[in-house]
Amino acid sequence: MEQQEIYSNVVRIISKHAKNEEALKTLSPETHIINDLQVNSARLVDIVLDFEDTFDLEISDDDADKINTIGDAVKLVKDLLH
């Protein structure tokens with residue numbers, strides 16, 4: 001799977017849980033999921049589960065704890081797929 005496809009899927013999944021609609025208009029790899037998009041920690045669990053289903057992989061709790069930005073999520077998924 002190409003990085004752009006991973007990025008698009010990650011953004012689609014995270015966007016469903018974002019509370020800050022304005023921040024969705026200016027997404028980048030540096031966008032912080034909790035601070036910028038105002039995703040609460042309970043929704044982060046849903047996001048990780050969506051990642052696992054969408055990309056058919058398993059994300060450990062330690063790896064999930066390292067996801068802070070969209071770029072972190074893309075890198076983790078890419079690393080786990082290869």
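1. Let's start with Gln38, which is found in the loop between H2 and H3. Helices here are DSSP runs of H or I with at least four residues, strands are runs of E with at least two, and both are numbered from the N terminus. Gln38 has a positive phi of about 60° although it is not a glycine. Most residues other than glycine have a negative phi. At 43% relative accessibility, Gln38 counts as partly exposed (buried is under 20% relative accessible area, exposed over 50%, partly exposed in between, with a 1.4 Å probe and protein chains only).

2. A word on what you are looking at: this is a predicted model, where local features need pLDDT of at least 70 and side-chain atom pairs count only at pLDDT 80 or more, while totals for chains, interfaces and linings use all residues. Residues are numbered from 1 along each chain as its sequence is written, and side-chain values use heavy atoms, with hydrogens and water left out.

3. Asp56 is another residue to look at in this way. Its phi is near 55°, a positive value in a residue other than glycine. Asp56 follows H3 and sits in the loop between H3 and H4. With 70% relative accessibility, Asp56 counts as exposed.

4. At the other end of H3, Asn40 caps the N-terminal end of the helix, with a side-chain oxygen 3.1 Å from the backbone nitrogen of Ala42 (a polar contact is a pair of N or O atoms within 3.5 Å; within protein, one must be able to donate a hydrogen and the other to accept it, and residues adjacent in sequence count only if both atoms are side-chain atoms).

5. Now for H3 as a whole. Its 15 residues should span 21 Å at 1.5 Å a residue, and its end C-alpha atoms are 21 Å apart, which agrees (the expected span is 1.5 Å times one less than the number of residues). Leu44, Ile47, Val48, Phe51, Glu52 and Phe55 are the buried residues of H3. Seen down the axis of H3, they fall within an arc of 140°, so they line one face of the helix; the arc is that of the directions from the helix axis to the C-beta atoms. Their cover includes H1, H4 and H5.

6. H5 (residues 70–81) can be read the same way. This helix has 12 residues and reaches 17 Å from its first C-alpha to its last, close to the 16 Å expected at 1.5 Å a residue. Ile70, Ala73, Val74, Leu76 and Val77 are buried in H5. Down the axis of H5, these buried residues fall within an arc of 165°, so they line one face of the helix. They pack against H1 (3–15), H3 (41–55) and H4 (61–65).

7. Do take a look at His17, in the loop between H1 and H2 (21–24). At 14% relative accessibility, His17 counts as buried. Leaving aside neighbours within four places in sequence, His17 is in contact with Val39, Arg43, Asp46, Ile47 and Asp50 (contact means heavy atoms within 4.5 Å).

8. Finally, the overall fold. The chain has 5 helices and 0 strands. Its radius of gyration is 11 Å, close to the 12 Å that the globule rule gives for 82 residues, so the chain is as compact as a globular protein of that length (the radius is taken over C-alpha atoms, and the rule is 2.2 Å times the number of residues to the power 0.38). Buried residues make up 35% of the 82 residues.
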